[in-house]
Structure formats: C-alpha cells, structure tokens
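Here are my notes on the model you sent. Please read them with the structure open.

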Amino acid sequence: MKRLKAVTAAFLACATLLSLTGCFGFKVIDDEDVFYDALDNAAKIDKDETRHEKNVTLDGDKVQYYITASDGDNFYTYIRYKKADDALDRFDDFYEDFEDLKDDGEFEGSSTMSYGKTSGSVIFNGELEGNTAIGFYRTNQYFYDDTEIFGGVYVNANVYIEAYSVNGSKRDKEKITNFLKELKFPKP
C-alpha cells in the first residue's frame, strides 16, 4: 500500500511538472533569422520591410538585436536583450498593465497569463473598453473607442516578443495565428 501511494505521488508530481512546463512550452528565439523566417512565411513580410538594429540601447537597456514590423493592423516586435533581467522587466510591465485591465473590467474576452522565473506569456483575444491605455512596446496605445486585440506577448530568457492585431480582420488574425505557429508559441 505504501508503495502504491509513493508511485501515485511520484506520478502526480511528474504530471504537475509537465503541466507547468506546458504553460511555458515555447523555446527561446535567440536567432533573429527564425523571427525573420516566421515573418516571411506567415505574414509575407521580408527583412527589408522591417526596422532592425544591432547592438543598440533601448530605454536605457542594452539590446543585441531589435526588429519591428507592421502589416496593416498587425504588429510584430522582437527584442533580444543583453541581460535576461531587462527582458523580464519589459514583460513584467506589460503583464501588470494587462492584469490591471482585467481586474478593472476594461478587457473582455479570453486570455491566458503565465509568468515564471525566466519565461512568461500573455495571450489575448478580446476587446478593450474605450478610453483605455495598454503598454505594447512598439507604442503605448491609448484607445478612445472599444478596440479588439488579438495575439500575445512573450518572454523567454533574454528575448521579448510581441505579435498582435488591433481591430484586425479575420485574415489579420489568421496571420498572427500562423506567425505564432511558425515560432511554435502558444496562440489565442
């Protein structure tokens, strides 16, 4: 009987560990070419249509590589920081903003939020109430009218990634979904 309890406890511990790693089950995109390939394959955005820089300082933090791109209502950001703490700080700001929006009833829809020592994600598909601000990296946006947002914000180690659509069409949302599939990231 003791052996059965020990086996059961070990099984439950493993299942819990697997479920936690499943939440953070996306890899670090430490090669910018992976991001470029996903942009090209899913959104048909070529490298020369992006804004990108190497070895720069953004908001006082050292960045090894920075990419932004947009396509109509869709926005994509890749930042590979020199230090993982800087990427986590950037993510933490967004995470707290989004959590406040949910707590205040200013976001309606589905969302999944996870945050660990070295990785996290905020995945969303819903509507922001009018007169609401949200701090995406690319731009702190203030929405005067009710606004649909679809996509996600991710961090793993020293890499911070955003892929989202603002008032996007069905096709725009498909591009975001396909982009996240290319990266093997969780999607809305």
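The points below go from the sheet to one residue in it.

1. Ground rules. This is a predicted model: local features need pLDDT of at least 70, side-chain atom pairs count only at pLDDT 80 or more, and totals for chains, interfaces and linings use all residues. Residues are numbered from 1 along each chain as its sequence is written, and side-chain values use heavy atoms, with hydrogens and water left out.

2. Seven strands make an open, antiparallel sheet in the order 1-2-3-9-8-5-4. Strand 1 (51–58) and strand 4 (107–115) are the edges, each pairing on one side only. On average, neighbouring strands are turned by 10° against each other, direction ignored. Strands are DSSP runs of E, at least two residues; helices are runs of H or I, at least four; both are numbered from the N terminus. Pairing requires at least two DSSP bridges.

3. Strands 3 and 9. Strand 3 (residues 74–81) and strand 9 (residues 159–166) run antiparallel, joined by seven bridges. Asn 74 has Ser 165 in strand 9 as its bridge partner.

4. The helix. Helix 4 (residues 170–183) packs on the sheet, touching strand 2 (61–71), strand 3, strand 8 (147–156) and strand 9. Contact means heavy atoms within 4.5 Å. The direction of helix 4 makes about 160° with that of strand 9. Axes are fitted to C-alpha atoms, for helices over the stretch in contact; angles run from 0 to 180 degrees between N-to-C directions.

5. Thr 147. This residue lies in strand 8. Is Thr 147 buried or exposed? Thr 147 is buried, because its relative accessible area is 4% (buried is under 20%, exposed over 50%, partly exposed in between; 1.4 Å probe, protein chains only). The Thr 147 side chain reaches the backbone oxygen of Asp 145 at 2.8 Å. Residues touching Thr 147 include Gly 126 and Val 166, not counting those up to four places away in sequence.

Notes:
Polar contact = N/O pair within 3.5 Å; in protein donor to acceptor, adjacent residues only side chain to side chain.
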